[in-house]
Amino acid sequence: MEQYKKEFIEFMVDCGVLKFGDFVTKSGRKTPFFVNTGFYRKGAQLRKLGEYYAKAIESKFGFDFDILFGPAYKGIPLSVATTMAISEHYGVDIGYCSNRKEVKDHGDTGILLGSPIVDKNKVVIIEDVTTAGTSIQETLPIIKAQGDVDVLGLVVSVDRMERGQGTKSALHEIEETYGLKTTAIVTMEEVVEHLYNKPYNGKIIIDDTLKEAIDAYYEQYGVRE
């Protein structure tokens, strides 16, 4: 596993973003682990987060695209932090764009904020986590409505590695259904590999009991391909 992936896993733990316990995902699944990017709250955290996303984007897409689109609301700081990191570390100036939940009818009107999306633009979508692939169904029509746009793909922080609407992984399903490339900074398999029965800051984060709960979750919702 690359060093930046290990560092990112520990970064999520330090920020309280990666949590273990009893949760329910947006898609209604009861899960023993949860990733909440709303806990990236400080400037220094967002700076580092943008750098990790930029690394994942470079590895999968390079920087030959125009707009990084972050769906409201969590995608807004993600797109801003990451475009800043790309500019600072790679010298490439990419526009950020997000949607509003409500269309604004005065001043800066419309459904978008940030860079406008125009014909021939190449767009990459940035999100926190994809569980069942439901949010992409809402996001793509908004982008496509702006013109003749080439949506290259989707980058997320964590690939939960579970089924989407069918038997394949959510990210695999998105690739097949929409013809998009997908990538993640880390996968849950990498998270478990790095944290299982290995002390971090003096304690074991994923012990045998938690590992059993995670394994049971994947028995139910894991990929069957």
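**Close-up views of a predicted model**

View 1. Helices (H or I, at least four residues) and strands (E, at least two) are DSSP runs, numbered from the N terminus. The structure is a predicted model, in which local features need pLDDT of at least 70 and side-chain atom pairs count only at pLDDT 80 or more, while totals for chains, interfaces and linings use all residues. Residues are numbered from 1 along each chain as its sequence is written, and side-chain values use heavy atoms, with hydrogens and water left out. The buried residues of α6 are Met188, Glu190, Val191, Val192, His194 and Leu195, and what covers them includes the helices α1 (3-15) and α7 (208-221) together with the strands β1 (18-24), β2 (30-35), β8 (150-159) and β9 (181-187). Just after α6, asparagine 197 takes a positive phi of about 55°.

**View 2. Threonine 82 within helix α3.** Threonine 82 is found in helix α3 (residues 75-90) and, at 0% relative accessibility, counts as buried. Its side chain reaches the backbone oxygen of leucine 78 at 2.8 Å, which is a polar contact (a pair of N or O atoms within 3.5 Å; within protein, one must be able to donate a hydrogen and the other to accept it, and residues adjacent in sequence count only if both atoms are side-chain atoms). Leaving aside neighbours within four places in sequence, threonine 82 is in contact (heavy atoms within 4.5 Å) with Gly50, Tyr53, Ala54, Ile57, Leu68 and Ile126.

**View 3. The packing of α1 against α2.** Helix α1 and helix α2 (residues 43-60) pack at an angle of about 150°, with their axes 11 Å apart; the axes are lines fitted to C-alpha atoms, for helices over the stretch in contact, and angles run from 0 to 180 degrees between N-to-C directions. Here Tyr4, Glu7, Phe8, Phe11 and Cys15 in α1 meet Gln45, Lys48, Leu49, Tyr52, Lys55, Ala56 and Ser59 in α2.

View 4. Arginine 160 is found in the loop between β8 and α5 (170-178), where it is buried, with a relative accessible area of 2%. A polar contact of 2.8 Å joins the side chains of arginine 160 and threonine 31. An unreviewed UniProt entry lists Thr131 and Arg160 for "binding site"; UniProt positions are given in the numbering used here, feature names are shortened, and annotations may be inferred rather than shown by experiment. Methionine 161 lies in the loop between β8 and α5 as well, and has a positive phi of about 60° although it is not a glycine; this methionine is partly exposed, with a relative accessible area of 25%.

View 5. Valine 149 lies in the loop between α4 (135-144) and β8, and is buried, with a relative accessible area of 8%. Among the residues that valine 149 touches, not counting those up to four places away in sequence, are Ile117, Val118, Asn121 and Val123. Valine 149 and valine 123 are 26 residues apart in sequence and 7.3 Å apart in space, C-alpha to C-alpha.

Key: Buried means under 20% relative accessible area, exposed over 50%, partly exposed in between (1.4 Å probe, protein chains only).
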